[in-house]
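Dear colleague,

Please find the sequence and the structure below. I would ask you to keep them open while you read the notes that come after them.

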Amino acid sequence: MQRAYKADVIIIGGSLGGCAAALAAARMGKKVIMTEETKWIGGQLTSQAVPPDENPWIEKFGCTMSYRQLRNGIRTYYKNHFPLTPEARQTFYLNPGNGNVSKLCHDPRVAVAVLHEMMAPYILSNHLVIWTRHKIQSVEVDNNHVRSMIVKNLDTGDEKILTGSYFLDATECGDVLPLAKAEYITGAESKQGTGEPHALEGEADPLDIQSITWCFAIDHVEGEDNTIEKPEQYDFWKNYRCDFWPDSMLSWKSSHPHTLETREHTLFPVDERHSLWTYRRIADRNNFVPGTFDSDITIANWPQNDYWLGPIYEVDEEEANKHLEGARQLSLSYLYWLQTEAPRPDGGIGYPGLRLRNDVVGTEDGLAMYPYIRESRRIKAEFTILEQYVSPITRGDEGAVKFEDSVGIGYYRMDLHPSTSGRNYIDIGCLPFQIPLGSLIPVRMENLIPACKNIGTTHITNGSYRLHPVEWNIGEAAGMLVSYAMDKKISPRVVRNDNEYLADFQQLLRKQGVELEWPKI
């Protein structure tokens with residue numbers, strides 16, 4: 001069965017960027033429909049179970065006002081609803097998990113709740129409609145304009161025909177782009193093509209894409225045996241060896257992201273080795289009154305469960321499913337190895353008390369609803385962000401290139417995980433940067449705008465522009481851009497290329513709390 005629906009702005013994908021875009025457009029008075037493939041909105045923060053990777057100044061500046069509202073809302077949620085210790089309750093910058101990768105390691109279910117709180121005024125006033133468990137099926141295009149899209153209810157099989165003035169692709173992999181026949185790029189560019197110092201020698205490789213990770217949540221109950229059933233591919237992963245990796249994936253060893261030297265890990269903190277447990281811990285039971293938690297809870301998003309044997313897009317469905325299952329099997333195999341075979345510092349073997357927390361990630365099998373996606377299809381944009389614009393190696397003391405059409409800011413290392421072409425980490429320093437509006441404008445399409453990790457970056461610069469606060473900023477800018485274009489009856493392309501409209505739009509961004517340039521750091 002098919003039914004037709006209409007809104008001002010159609011957003012495909014309830015990622016962090018999609019959520020920010022929906023809030024921005026609804027805030028500007030637009031009717032919005034947002035669809036999401038999984039049960040949860042929030043993307044990498046929720047359905048992928050990845051606590052936020054952020055810049056070191058995030059508590060003071062370096063994000064939009066609405067992203068700060070999200071962060072503050074998460075802390076407030078803990079203080080309103082959890083039995084915190086007096087010390088934790090008085091901690092202004094509460095980090096619920098005290099994970100060392102983030103200043104705000106928290107349960108993904110809290111982020112889902114806070115996102116819905118932020119959206120509640122627009123949902124209840126019918127300015128924003130959200131359909132979860134809906135996936136894009138097809139796109140109708142006429143004369144460089146998207147006319148309609150069809151999404152499918154994954155539970156009932158029913159289809160909805162969506163029409164609107166603007167369509168935003170906020171999916172994790174840029175799934176709308178090929179369906180709309182929009183120009184886009186995948187994988188790694190060549191040095192000859194971009195001039196980037198760390199681009200590929202020789203030809204570009206469209207299937208050289210960063211690894212995905214199927215995250216999961218675990219706690220540890222001493223004395224219990226929570227060992228899972230032996231995964232089907234356990235023997236494969238135990239024996240798998242890769243030329244660039246120092247040992248089996250089912251081991252304590254990995255490559256150091258910066259130096260590529262062998263790095264030793266432990267599960268729990270015991271010595272100078274890198275502790276996996278505290279890395280993305282989302283509940284430190286010492287923050288809560290005794291008895292609240294049986295154990296700390298941590299998220300397994302570790303070097304050992306990065307999957308790089310093949311891409312999950314730009315291949316046929318059978319190939320994609322093979323790699324999705326391979327990523328799931330790798331994560332389960334690593335957990336099984338930890339439970340049964342991992343050498344312990346005390347001379348023992350295995351941690352059978354490790355317990356898969358399916359409740360934390362909202363699934364039956366205990367794995368996150370969706371794999372952690374680091375790299376998407378990327379639009380061919382009016383302006384492409386290159387490594388040499390943001391790298392301290394090429395820019396020296398000058399700072400990142402200043403973009404006159406800035407619609408936001410961000411900072412993170414150009415952090416590329418091992419790729420599907422068998423390349424190890426590429427981890428390069430980065431300068432605090434701006435997000436140029438030109439990177440959100442497709443070369444041809446007029447009413448299709450990226451709102452996620454699918455803007456005009458390269459394989460290299462995507463490593464910096466893919467993290468939580470930057471993706472949120474991209475989505476917020478996209479939502480405001482199409483709303484502004486509707487109000488002024490002009491195209492997003494005109495907003496970028498007309499100096500008066502651009503200055504007016506940037507002033508609107510500032511009024512809404514979007515920082516367009518970095519302060520002196």
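This is a predicted model: local features need pLDDT of at least 70, side-chain atom pairs count only at pLDDT 80 or more; totals for chains, interfaces and linings use all residues.

Residues are numbered from 1 along each chain as its sequence is written, and side-chain values use heavy atoms, with hydrogens and water left out.

**The sheet**

Helices (H or I, at least four residues) and strands (E, at least two) are DSSP runs, numbered from the N terminus. Four strands form an open sheet in the order S13-S14-S9-S16, with antiparallel pairing; two strands pair if DSSP finds at least two bridges between them. Strand S13 (281-283) and strand S16 (354-356) are the edge strands, each pairing on one side only. From one strand to the next, the twist averages 35°; for such angles, axes are lines fitted to C-alpha atoms, for helices over the stretch in contact, and the angles run from 0 to 180 degrees between N-to-C directions.

The pairings can be followed across the sheet. S13 and S14 are joined antiparallel by two bridges, and here arginine 281 stands opposite threonine 298 in S14. S9 and S14 pair in the antiparallel sense over four bridges, with isoleucine 218 opposite threonine 298. Strand S9 (residues 216-220) is also joined to S16, antiparallel, by three bridges, and there isoleucine 218 stands opposite leucine 356.

Which way do the side chains of strand S14 (residues 297-300) point? Ile297 and Ile299 point one way, Thr298 and Ala300 point the other way, and all are buried. Buried means under 20% relative accessible area, exposed means over 50%, and partly exposed lies in between (1.4 Å probe, protein chains only).

Helix H8 (residues 317-340) lies across S9 and S16, and runs at about 155° to S16. H8 has 24 residues and reaches 34 Å from its first C-alpha to its last, close to the 34 Å expected at 1.5 Å a residue. The expected span of a helix is 1.5 Å times one less than its number of residues. At the start of H8, a side-chain oxygen of aspartate 316 comes to within 3.3 Å of the backbone nitrogen of glutamate 318.

The 17 residues of H2 should span 24 Å at 1.5 Å a residue, and its end C-alpha atoms are 24 Å apart, which agrees. Among the buried residues of H2 are Tyr67, Leu70, Ile74 and Tyr78. The buried residues of H2 pack against helix H1 (16-27), helix H4 (108-124), S13 and H13.

**The cores**

A nonpolar core is a set of buried Ala, Val, Leu, Ile, Met, Phe, Trp, Tyr and Cys residues joined through side-chain atoms within 4.5 Å. In the largest such core, of 131 residues, Ile11, Leu70, Leu168, Trp252, Tyr465 and Trp472 touch the most other members. Helix H13 (residues 468-488) gives the most to this core, with ten residues. A second, separate core has 20 residues, including Met149, Leu177, Ile379 and Met445.

Asparagine 55 is found in the loop between strand S2 (32-36) and helix H2 (65-81). Is asparagine 55 buried or exposed? Asparagine 55 is buried, because its relative accessible area is 3%. Its side chain reaches the backbone nitrogen of tryptophan 57 at 2.9 Å, and a polar atom of that side chain lies 3.0 Å from the backbone oxygen of glycine 62.

Phenylalanine 268 sits in the loop between strand S11 (262-266) and strand S12 (274-275). Phenylalanine 268 counts as partly exposed because its relative accessibility is 22%. Leaving out residues up to four places away in sequence, phenylalanine 268 touches His220, Ser275, Trp277 and Tyr351; contact means heavy atoms within 4.5 Å.

Leucine 207 lies in the loop between helix H6 (191-194) and strand S8 (212-213), and at 35% relative accessibility leucine 207 counts as partly exposed. Leucine 207 and tyrosine 313 are 106 residues apart in sequence and 8.7 Å apart in space, C-alpha to C-alpha.

Yours sincerely

Key: A polar contact is a pair of N or O atoms within 3.5 Å; within protein, one must be able to donate a hydrogen and the other to accept it, and residues adjacent in sequence count only if both atoms are side-chain atoms.
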